[in-house]
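Hi,

Here is the structure I promised to pass on. Have a look at it first, and then read my notes below.

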Amino acid sequence: MKAIEVHNLRKTFRVKEKSPGTWGSLKAVFKPEYKIVKAVDSINFSVEPGEIVAFIGPNGAGKSTTIKMLSGILFPSGGRIRTLGLDPASHREQLSFMIGSVFGQKSQLWLHLPACDTFDLLAKIYEINRTDYLQRLSDLTKAFEIEPFLKTPVRKLSLGERMRCEIVASLLHRPRILFLDEPTIGLDVIAKQTIREIITKFNTEEGITVFLTSHDAGDVEVLAHRTIVINHGTLVYDDSTENFKKDYIKKKTVEISLNKPLRNFDFEEGLVTERDKYKLKIELSIDDNSLNRFLKYAIDQFDINDINIFDPSMEEIISNIYLEQNLKTKSALPNATIIHQ
Amino acid sequence: MPQSYTNKIEKYFEAIKIGFRSEIIYPFNFLSEGILVIIKVAIMTALYTASYQALGVSEINSFGVADIVWISMIVESIRYSIFPIARPISDSIRDGAFAYQVSKPYYLPLYILSTTFGQGIPFFLTNFAVGILACYLIVGAVNFTLFGLICGLLLAFFGYLLDGVIFLIIGMSAMWIEDSGPLWWIYNKAKFILGGAIIPIAILPGGLREIAEFLPFSQVYYSAASMLVKFDFTTFLTYLGYQLIWITVFGLLALYLFRKGVRHVEANGG
């Protein structure tokens, strides 16, 4: 049985529209106008048990809508979903015992209480036997290293600490699928790395299927076995992350800030996109190893105050996918989208 | 995996406990509400003493000033303990947070009622304790009976449930009408006028009193308050009957709206 199966899934929203100004407001009272927005438009895919799938796309692409339909939060307008063999719309309660979810922007923790109080509540909600619960909590507390702040009110935790607690909350009942919607949003580099390591560990050790949405190309690179890209409600890419990286994450941007003014910069590779007295921004290719060579050069040559490495933005990746699609369309390829299974 | 009916019920008790715990960490919140009850008792005493003196009577419908002040105190104690959950539900529907709560293995309306019941307990206990002390010092004691106390508290519990179910309906109406604020405002004002908060129903003229007693607004907290102060078994059974009728009517309506409305719920960002 597949972990997730989706056939011709659609979701439309009715959105109220109003003309500007007072007259527009009055008109909207007596004769409201609505437009139909296609958030998800006939998508098809499936996920194998134990896979980590990154479901990515820019804002408004339809990724959160899809994850909410898969987990039973939203009802589809059409098509068919099977999550662990169940229809999430009609078997929501049964399914909720088998899935866990973390929505980066919505907390399931009681903010004024320590996380352990919410864990106790969730243990009852998920009807977990007390002995099993205590053992599971002990294991998760160790794995996620949350012991030092387990008794601290959630509102006093850092974003990274809170997110670790959110994931623990979602794993207490040993779900078979974990839905993560923007799990690393707003986190610093270290916190992101910790979250990624933990997700990988639980996927490997417990075989949990992970379905995650993210804006961060780094999440995709580090975590996902497979990458699906959605834009304007339709799938535009579905292939292994290895191929995705090879195809679309070909360069990184390095930003260095210096303690002493920049002089004698003679590195000949890459594209300098920003340069002033104490700062340099340069785009470097991963394929030809120029990133490694530049880092070595910079460390040898400059007195570095800070260094940051950025992935290409999701918008840039999507535009590259479209660019490639257009090229392929011009070459008379039959498919408008790139779907490899 | 799910185990038994006991487990299914236990989750709502745990919800009451976490609601209670989330409030007792801020004792100033519920202690300050207690101060408001003292002020109310003092105002009510002055108001009804002057009114009774102006009318030249010591009792109206067998209720003296002390009875009326005690009833008003209990009404206020319960009123200040109840969380107006219509607004947070309505807001959570509008900002999309409601949708996320639906995806857990519980019956969401019952879960919301349980957590808010727990949140109200420290407020009720403080208000009630402070109110009893204030009434005792200002107007003296009234005749409490243990049986009356038990029956009154039972009516208070059902009154809370009735209020919660009506608030749920008003909150969930946001799935269709976007802003349930006006409905919430009307219901609160109806409770204030016809629910015994400003004029105890006991002193209303005959026909009007009977109508007010039957309406749900008085069954939220007035029925419990009056039974605590002046217990009468027949009246208790009548009030209990009214409460159960309204809880059934509004409970079924809430159930219908929840089942129908949950398909309309939309979540921000998708």
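**Two helices in chain B**

In chain B, α9(B) passes α11(B) in a right-handed crossing. Before going further, please keep in mind that this is a predicted model. Helix α9 of chain B covers residues 181-194 and helix α11 of chain B covers residues 216-229; their axes are 8 Å apart and the packing angle is about 65 degrees. If you want to click through the contact, pick B:Ala190, B:Lys191 and B:Leu194 on the α9(B) side, then B:Phe217, B:Ser218 and B:Val220 on the α11(B) side. Sorted by class, the residues of this contact come out as 4 nonpolar, 1 polar and 1 charged.

**Where the chains touch**

Chain B also meets chain A. That contact involves 27 residues of chain A and 25 residues of chain B. On the chain B side, α1 (5-24) and α5 (97-101) each give at least two residues. The largest share of that side, 8 residues, belongs to α1(B). What is the make-up by class of the side of chain B that touches chain A? It has 12 nonpolar, 7 charged and 6 polar residues.

**Chain A as a whole**

You will find 14 strands and 11 helices in it. Taken along the principal axes, its C-alpha atoms fill a box of roughly 65 × 55 × 50 Å. If we look at contacts in chain A between residues at least 6 apart in sequence, 71% of them join residues at least 24 apart.

The chain is divided into two pieces: domain 1 takes 4-11 + 39-247, and domain 2 takes 250-310.

**The four-stranded sheet**

One sheet in chain A is worth a look. It is open, its 4 strands run in the order β11-β12-β10-β13, and the pairing is antiparallel.

Within the pairing, A:Arg275 sits opposite A:Leu280 in β12(A). There is a helix to go with the sheet, too: α10 (residues 290-301) of chain A lies across β10 (251-258), β12 and β13 of chain A, and runs at about 150 degrees to β12(A).

**A covered helix and an exposed residue**

Helix α2 of chain A spans residues 63-70 and is mostly covered, with 8 of its 8 residues buried. Those buried residues are A:Lys63, A:Ser64, A:Thr65, A:Thr66, A:Ile67, A:Lys68, A:Met69 and A:Leu70. Just after α2(A) comes A:Gly72, which takes a positive phi of about 85 degrees.

Over in helix α7 (residues 189-206) of chain A you will find A:Ile190. Is A:Ile190 buried or exposed? It counts as exposed, because it has 9 C-beta neighbours inside 10 Å and the cut-off for exposed is 12 or fewer. The C-alpha atoms of A:Ile190 and A:Thr204 are separated by 21 Å, with the two residues 14 apart along the chain.

**Two backbone angles to check**

Finally, a pair of phi values for your own look at the backbone. A:Ser42 is not a glycine, yet it has a positive phi of about 50 degrees. This residue is in strand β2 (residues 33-47) of chain A. A:Ser42 has 14 C-beta neighbours inside 10 Å, so it counts as partly exposed.

The other one is A:His232, also a residue other than glycine, with a positive phi near 50 degrees. You can find A:His232 in the loop between β8 (226-231) and β9 (234-240) of chain A. With 15 C-beta neighbours inside 10 Å, A:His232 counts as partly exposed.

Cheers

Methods
Residues are numbered from 1 along each chain as its sequence is written. Chains are lettered from A and ligands numbered from 1 in the order in which they are written. This is a predicted model: local features need pLDDT of at least 70, side-chain atom pairs count only at pLDDT 80 or more; totals for chains, interfaces and linings use all residues. Two residues are in contact if their C-beta atoms, placed from the backbone, lie within 7 Å. Ala, Val, Leu, Ile, Met, Phe, Trp, Tyr, Cys and Pro count as nonpolar, Asp, Glu, Lys and Arg as charged, and the others, Gly among them, as polar. Domain bounds come from an automatic or database domain assignment. Axes are lines fitted to C-alpha atoms, for helices over the stretch in contact, and angles run from 0 to 180 degrees between N-to-C directions. A crossing is left-handed if the near helix is turned anticlockwise from the far one by less than a right angle, and right-handed if clockwise. Two strands pair if DSSP finds at least two bridges between them. A residue is buried if 20 or more other C-beta atoms lie within 10 Å of its own, exposed if 12 or fewer, and partly exposed in between; C-beta atoms are placed from the backbone.
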